[in-house]
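These are my notebook entries on a single structure. I set down each point as I looked it up.

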Amino acid sequence: MSDKSDIFKEAELKGVKNIILIASGKGGVGKSTVASSLAIAFSREGYKTGLLDADLYGPSIPILFDIEKERPQVRKEEDKDIMIPVNKYGVKIMSIGFLMSHDDAVIWRGPMASNALNQLLTLTDWGELDYLIVDMPPGTGDINITLAQKLKRAQAIIVITPQKLAISDGLKAANMFLNKNLNISMLGVAENMSYFVPAKHPDEKYYVFGSGGGKQLAERTHTELLAQIPMIQDVCELTDKGQNLFQSENELLIDAFQSFATKIVEKTMKEEKGSMKNE
Ligand SMILES: Nc1ncnc2c1ncn2[C@@H]1O[C@H](COP(=O)(O)OP(=O)(O)OP(=O)(O)O)[C@@H](O)[C@H]1O
Ligand SMILES: [Mg+2]
C-alpha cells in the first residue's frame, strides 16, 4: 500500500509565477468573495489569472461564477486525463465542486479528499499564469496543512472581519503558515466587511463589526493590511444573481478590490526583483 504522502503528490505548477492562498481561521468571513473578486481584478488589469477552489467543505466558486453545470474539458496525455480549467471573465477556474456530483452533501474524508485535491493540483493544465489564487477551506485542519505543504512557493493572505475577537482566529491561521515545517510567507491581511455603507447614504460609514482587527493582526504577524473591503448590500444581491462584483455600479467596492490587487502586484513584483538580484 502506498504511503499517504505518495497519494498527495506535490503540485509542480511550473508555469505559475505567483500562488496566493486566501485563508481564514474560521468560516464565513468572505474568503470566496475575496478570492473570486481578486481574481477578476487581476484579470481586468491584464494579468493571466487562475482561481483554484480547494474548499472541499463547501466549494462556492462555481456558484459565484454561475458555472455550476460546467465541467472542465479533459485531454489525454499518455495515460493521464489532464483537465482544462473553465474560463469565465478571463479567469481560468478549477473547483473541487467540478469533481463532486450536484447536491453532494458528503463530507469528504481522508484519502478521498486527498485524492480529489491531488487530482486538482497535479492534473490541471493551468498553462502560463501570473497569479493563481487559491480559495482555501476554512480553519487550520489537516487538509489545510497538507494543501499548503503541496503548494510550495505559495504566499498567504488571511481574511478576517474587523472585530477584535476575530484576531485570535486570524492568528491561528497565520501561525499555521509561519510554522517552520510549512514556512509559507504571509503576504498580508485583508479585512472584509470593515464598515457598512448604506446604498442611500454612500458617504456614511457604520463600523457595525467594530474596528481595528485587520490592523492589529497585520502588526502581530509583521505584515501589511492590504485591504479594507466595505460591507455592501450589492454583494449578496449580485452573488445571488451569479454576477460578479464588478458588474455593480458600486465604486467603493470596485476601488477596494482594484487597489487590493494593485498592492499585491507591487509586493510580488518587489519580491520577484529581489529574488532575481539574489540569483
Ligand atoms: N464585503 C461584503 N459585503 C457584503 N456581504 C459580503 C461581503 N463579503 C462577503 N459577503 C457575504 O458574506 C457571506 C459569506 O461570504 P463567503 O461565502 O465569501 O465567505 P467564506 O469565508 O468563503 O465562507 P466559507 O468559510 O463558508 O467558505 C456571503 O453571503 C457573501 O455574499
Ligand atoms: Mg468559501
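Entry 1. Is V189 buried or exposed? I worked from a predicted model throughout. V189 has a relative accessible area of 0%, and because the limit for buried is under 20%, I recorded V189 as buried.

I then placed V189 in the fold and found it in strand 9, which runs over 185-196. Leaving out residues up to four places away in sequence, I listed what V189 touches: I157, I158, I160, G214, L217, A218, T221, T223, E224, L225, L226 and A227. From that list I took L225 for a distance check. V189 and L225 stand 36 residues apart in sequence, yet their C-alpha atoms are 4.8 Å apart in space.

Entry 2. I turned next to T223, one of the residues that V189 touches. T223 sits in the loop that joins helix 7 (213-220) to strand 10.

With residues up to four places away in sequence set aside, T223 touches M186, G188, V189 and A218. I also checked G188 by C-alpha distance: T223 and G188 are 35 residues apart in sequence and 5.1 Å apart in space. For the side chain of T223, I noted a polar contact of 3.1 Å with the side chain of T221.

Entry 3. I moved to ligand 1. Which residues are closest to ligand 1? I found 17 residues surrounding ligand 1, and the closest are G28, K31, S32, T33 and P230. I then asked which elements supply at least two residues of the shell. I noted helix 2 (31-44), strand 9 (185-196), strand 10 (225-231) and helix 8 (233-240).

I looked up polar atoms beside the oxygen atoms of ligand 1. For G28, a backbone N or O atom lies 2.9 Å from an oxygen atom of the ligand. For K31, a backbone N or O atom likewise lies 2.9 Å from a ligand oxygen atom. For T33, a polar side-chain atom lies 2.5 Å from an oxygen atom of ligand 1. Taken alone, ligand 1 exposes 630 Å², and the protein buries 76% of that. I recorded the space taken by ligand 1 as the second largest pocket.

Entry 4. I looked up N244, which lies in the loop between helix 8 and helix 9 (251-278). Why does N244 count as buried? Its relative accessibility is 8%, and the class covers values under 20%. A polar atom of the N244 side chain lies 2.7 Å from the backbone nitrogen of F246. Apart from neighbours within four places in sequence, I found N244 in contact with I40, Y89 and L238.

Entry 5. I counted nine helices and 10 strands. Of the 279 residues, 50% are buried. Among contacts with a separation of 6 or more, 77% are between residues 24 or more positions apart. I noted an accessible surface of about 14,100 Å², with 50% of it belonging to carbon and sulfur atoms.

Key
Residues numbered from 1 in each chain as written. Chains lettered and ligands numbered in written order. Predicted model: local features only at pLDDT ≥ 70, side-chain atom pairs only at ≥ 80, totals over all residues. Heavy atoms only, no water. Helix = DSSP H or I, 4+ residues; strand = E, 2+ residues; numbered from the N terminus. Buried < 20%, exposed > 50% of the residue type's maximum accessible area, 1.4 Å probe, protein only. Contact = heavy atoms within 4.5 Å. Areas by Shrake-Rupley, 256 points an atom, 1.4 Å probe, with all protein chains shown as cover. Near = heavy atom within 4 Å. Polar contact = N/O pair within 3.5 Å; in protein donor to acceptor, adjacent residues only side chain to side chain. 1 Å grid on protein atoms, 1.4 Å probe; cavity = no way out; pocket = protein on both sides within 12 Å on 5 of 7 lines; lining within 4 Å. Sits in = over half its atoms within 2 Å of the grid points.
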